[in-house]
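Trainee: I have a new structure to look at and would like to learn how to read it. Could we go through it together?

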Amino acid sequence: MIKLTDILNEAKQEAPTGAFEVFAEKRLGGAEKITDSSKEKGGLSMLTYHHYNVKLSYYKKAAEGKLDLEAADKEYKDLLKQLYTATKSTMSIEQVAFQKLVGKIEVLGELLIKHK
């Protein structure tokens, strides 16, 4: 019987050098399209714009091999604390700030998971 963990481990071993950078570059392209599209639409789509726009610099650094993973991990944990503090009792955060914060958490978490 083939196990999922065996398949994943095999795929990891076959991943070409620079797979992390390629992943980040592809995610950057997608985020750029969503950012541009949502900005063009305007209105409520601006929440989506803010959510994705903050991701661009992280994807770019990762695609260029310039993302400091130790600093990224620290920032990720700090952002989680900010989110918890802002939402633990009352939602003491504005929509745009929330979208930016969650966007940063999302991109950092995604990159850290992909790199491990």
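Mentor: Gladly! Let us begin with a word: a residue is buried at under 20% relative accessible area, exposed at over 50%, and partly exposed in between, using a 1.4 Å probe and protein chains only. Please keep in mind that this is a predicted model, where local features need pLDDT of at least 70 and side-chain atom pairs count only at pLDDT 80 or more, while totals for chains, interfaces and linings use all residues. Residues are numbered from 1 along each chain as its sequence is written, and side-chain values use heavy atoms, with hydrogens and water left out.

Trainee: Which residues of α2 are buried?

Mentor: They are Phe-20, Ala-24, Leu-28, Ala-31, Thr-35 and Ser-38. Their cover includes α3, α4 and α6.

Trainee: How much of the chain is buried?

Mentor: Of its 116 residues, 26% count as buried. Surface can also be given as an area, from the Shrake-Rupley method with a 1.4 Å probe, where for residues only the protein chains shown count as cover. Here the accessible surface is about 8,200 Å², and carbon and sulfur atoms hold 55% of that.

Trainee: How do I check the length of a helix?

Mentor: The expected span is 1.5 Å times one less than the number of residues. For α2, with 23 residues, 33 Å is expected, and the distance from first C-alpha to last is close to that, at 33 Å. In α6, 21 residues should span 30 Å, and the end C-alpha atoms are 30 Å apart, which agrees.

Trainee: What comes just after α2?

Mentor: Gly-42 does, and this residue takes a positive phi of about 70 degrees.

Trainee: Where do nonpolar side chains tend to be found?

Mentor: In soluble globular proteins, they tend to be buried together. We call a set of buried Ala, Val, Leu, Ile, Met, Phe, Trp, Tyr and Cys residues a nonpolar core if they are joined through side-chain atoms within 4.5 Å. The largest one here has 17 residues, and those touching the most other members are Tyr-59, Ala-62, Leu-67, Val-107, Leu-108 and Leu-111. Two or more residues of this core come from each of α2 (19-41), α4 (56-63), α5 (69-87) and α6 (95-115). The largest share, 6 residues, belongs to α6.

Trainee: Which elements cover the buried residues of α6?

Mentor: They include α2, α3 (45-53), α4 and α5. Among the buried residues of α6 are Gln-99, Leu-101, Ile-105 and Leu-108.

Trainee: What does Leu-108 touch?

Mentor: Contact means heavy atoms within 4.5 Å. Setting aside neighbours within four places in sequence, Leu-108 is in contact with Tyr-58, Ala-72, Glu-75, Tyr-76 and Leu-79. For the chain, take contacts between residues at least 6 apart in sequence: 71% of them join residues at least 24 apart.

Trainee: Is Lys-26 buried or exposed?

Mentor: Lys-26, which lies in helix α2, counts as exposed because its relative accessibility is 63%. Its C-alpha is 8.8 Å from that of Tyr-59, 33 residues away along the chain. Ala-63 belongs to helix α4 and, leaving aside neighbours within four places, is in contact with Glu-21, Ala-24 and Glu-25.

Trainee: Why does Glu-106 count as partly exposed?

Mentor: Because its relative accessible area is 36%. Glu-106 is in helix α6, and beyond neighbours within four places in sequence this residue is in contact with His-51 and Lys-55.

Trainee: Which ring does the charged end of Lys-55 sit over?

Mentor: That of Tyr-52, 4.3 Å from the ring centre. The rule asks for NZ of Lys or CZ of Arg within 6 Å of the ring centre and within 35 degrees of the ring normal. Likewise, the charged end of Lys-114 sits over the ring of Phe-23, 5.0 Å from its centre.

Terms used
Helices (H or I, at least four residues) and strands (E, at least two) are DSSP runs, numbered from the N terminus.
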